[in-house]
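Thanks for coming. I have one structure for today, and I will go through it region by region. Please look at the sequence and the model first.

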Amino acid sequence: MCGIIGYVGSRPCKELLLEGLKRLEYRGYDSAGVALLEEDGLHYVRAVGNLENLKRAAASNGSRVTHGLGHTRWATHGTVTEANAHPLTGCSERELAVALNGIVENYRELKESLLADGHTFSSETDAEVVIHLVERHYDGDLADAVRAAYDELEGHFSFVVIHRAHPDLLVGARCQTPLVVGVGEGETFLASSIAAFLPETRRVQFIEDGDVVSITPAGATFQSADGTTGDPDIVEVDWDEESAEKGGYETFMLKEIYEQADSVRETIGDRVRHGELVLEALEMTDEQIRNLRRIVIVACGTAYHAGVVGRYIIEEWARIPVEPDIASEWIYRNPVLSKDTLVIGISQSGETRDTVNAVKLARELGARTLAITNLMGTQITREAETVLYTRCGMEVGVAASKTFTAQAALLSLVALKLAQVRKTLPPEEIEFTLNQLYELPRKIDEFLDADHPIEEIAQRFYDKPFFLYLGRHIGLAVALEGALKLKEISYIPTEAYSAGEMKHGPIALLEEGTPVVVVATDIHVYDKIVSNIQEVRARGAHVIAVATDGNEDIQHHADDVIYVP
Ligand code: F6R
């Protein structure tokens with residue numbers, strides 16, 4: 001996820017912007033840039049890699065400038081290059097620029113119409129359409145132009161625009177992506193995170209989706225979609241810098257759990273357009289997809305569990321046999337491969353040696369290869385023939401969380417694409433499923449925002465010496481991942497098992513009060529899961545079921561229930 005910071009005031013702002021970008025560094029970035037408004041118009045400094053590169057490149061620029069915009073980029077559309085680094089400009093470079101976070105889902109359509117109008121593009125990003133739209137609509141009033149541009153955009157994003165004709169003004173807007181005003185004395189900030197300006201001011205104003213906000217050194221004005229102006233309360237935050245980086249959460253992992261809706265939203269993003277699937281980067285012809293005989297998914301840890309999810313959905317929807325495998329095992333067993341096999345390597349970091357080596361080996365053995373990863377330019381992207389990116393931003397927590405759900409979402413899109421070409425699902429079912437996927441981020445947020453007995457259950461069981469996690473089908477993949485998380489962060493020995501296999505041994509581990517977490521959502525094996533729950537309870541174990549909202553039946557079988565949409 002990218003970072004934005006803008007400043008208007010009376011102090012020289014280059015250092016303020018660079019310091020702000022530094023504080024956004026924890027989010028991860030691959031390139032960064034600033035736009036500084038000098039007397040002869042906007043000047044840009046952009047650099048790939050470390051922020052030190054940007055600092056060095058900016059050393060001789062605009063030291064007296066008091067109006068500027070900075071950005072750290074985590075590439076989603078277009079490679080990691082200076083040309084793709086923000087702030088991005090329209091046709092007239094010195095006049096106006098934008099810094100954007102998030103994804104513009106309808107950028108292809110917009111770009112086509114802008115190109116037809118004679119606009120020329122200088123980057124490969126989706127974000128550049130925004131500044132060309134502002135340029136197209138600009139008629140002397142920057143806020144009006146931003147509003148008109150905003151109304152044409154689809155997706156989830158926040159952005160800030162700077163214009164030469166308006167010294168001391170920045171205009172921004174947000175849609176499901178953070179943007180916040182920092183209110184100083186005779187100076188104002190507009191940033192994607194409070195962390196960016198925290199040492200300068202703790203007084204903030206939050207912006208609503210659909211508002212266009214204009215900041216000047218005197219403060220901010222807010223204009224909602226219906227033209228009315230608002231004046232949100234100024235809130236004083238008492239976070240220290242460390243908790244600001246964590247967005248107020250106790251740990252990065254918790255913050256990242258709460259970021260799941262965003263990372264799934266970004267990952268699906270412009271790949272689903274009005275029920276249509278756009279997955280160009282798969283780079284396989286329809287004939288190659290039809291000729292696929294087998295898929296092997298290689299990965300480690302959490303990514304492997306995402307691969308297990310992948311197996312169930314790809315087999316179910318695209319009717320291709322799928323073998324998820326642990327990369328460190330697979331590479332040492334002389335795998336049997338041919339050119340009609342697709343090997344998918346999944347790695348959040350893109351650097352896990354065994355997974356990278358597995359993809360390399362698969363390619364050497366003549367299979368087709370696809371990498372699923374979260375970061376451009378990493379090892380796995382160099383070894384695989386094709387790459388699809390999850391768009392989660394940096395995952396700071398060592399225990400993976402948001403990348404797991406994003407990987408599962410992306411594998412769902414791959415499965416649907418294969419099903420579409422192979423005609424193994426009727427078009428209306430594909431469209432229905434795509435719409436469901438599109439709804440997923442909202443459901444994740446709904447779940448995370450609602451009350452659940454999770455903390456109370458944790459209080460009751462945290463000192464138990466052993467946990468068992470059970471599931472079937474996709475629920476097994478989820479159980480495997482849940483158990484990994486429990487052992488990894490609470491050091492409680494935890495076993496995950498296929499619920500049907502439990503009676504063949506692990507049941508011996510159960511005794512009075514052993515906590516058993518059972519994934520018991522409404523799928524075709526629900527009744528079988530209920531039988532397994534009965535076996536568990538016959539041993540006196542305590543069943544904590546994860547069940548689908550509205551399932552009252554489960555109350556008769558489980559001791560505790562956590563409901564999910
Ligand atoms: C578990 C976890 C690890 C990683 C594994 C693979 O919470 O984070 O198991 O999933 O080390 O890492 P990547 O996906 O970077 O290859």
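Which residue is the bridge partner of V296 in β19? The partner is E323. Before going on, some ground rules. This is a predicted model, in which local features need pLDDT of at least 70 and side-chain atom pairs count only at pLDDT 80 or more, while totals for chains, interfaces and linings use all residues. Residues are numbered from 1 along each chain as its sequence is written, and side-chain values use heavy atoms, with hydrogens and water left out.

Back to the sheet. Strand β18, residues 294-299, runs parallel to β19, and five bridges join the two. Strands here are DSSP runs of E with at least two residues, helices are runs of H or I with at least four, and the numbering starts at the N terminus. Two strands count as paired if DSSP finds at least two bridges between them. As background, strands of a sheet pair through backbone hydrogen bonds, either parallel or antiparallel.

The whole sheet is open and has five strands, in the order β19-β18-β20-β21-β22, with parallel pairing. At the edges are β19 (322-326) and β22 (386-389), each of which pairs on one side only. From one strand to the next, the twist averages 20°.

At the β22 end, β21 and β22 pair in the parallel sense over four bridges. There, I372 has L388 of β22 as its bridge partner. Both faces of β22 are covered: T386 and L388 on one side, and V387 and Y389 on the other, are all buried. Buried means under 20% relative accessible area, exposed means over 50%, and partly exposed is in between, with a 1.4 Å probe and protein chains only.

Now the helices on this sheet. Helix α10, residues 301-318, lies across β18, β19 and β20 (341-347), and runs at about 170° to β19. Helix α12, residues 353-364, packs on the sheet and touches β18, β20 and β21 (368-373), its direction making about 165° with that of β20. For these angles, axes are lines fitted to C-alpha atoms, for helices over the stretch in contact, and the angles run from 0 to 180 degrees between N-to-C directions. Contact means heavy atoms within 4.5 Å.

Next, the ligand. Which residues come nearest to it? Of the 14 residues around the ligand, they are S347, Q348, S349, T352 and E488; a residue counts as near if one of its heavy atoms lies within 4 Å. An N or O atom in the side chain of S347 is 2.6 Å from a ligand oxygen. For T352, a polar side-chain atom lies 2.5 Å from an oxygen atom of the ligand, and for E488 the distance is 2.6 Å. Helices α10 and α17 (474-490) each supply at least two residues of the shell.

Last, two single residues. Is D560 buried or exposed? D560 counts as buried because its relative accessibility is 11%. D560 is found in strand β27, residues 560-564. Its contacts, leaving aside neighbours within four places in sequence, include R460, F461 and H542. With R460 there is a side-chain to side-chain polar contact at 3.0 Å, a polar contact being a pair of N or O atoms within 3.5 Å, where within protein one must be able to donate a hydrogen and the other to accept it, and residues adjacent in sequence count only if both atoms are side-chain atoms.

A225, in the loop between β13 (219-223) and β14 (229-230), counts as exposed because its relative accessibility is 61%.
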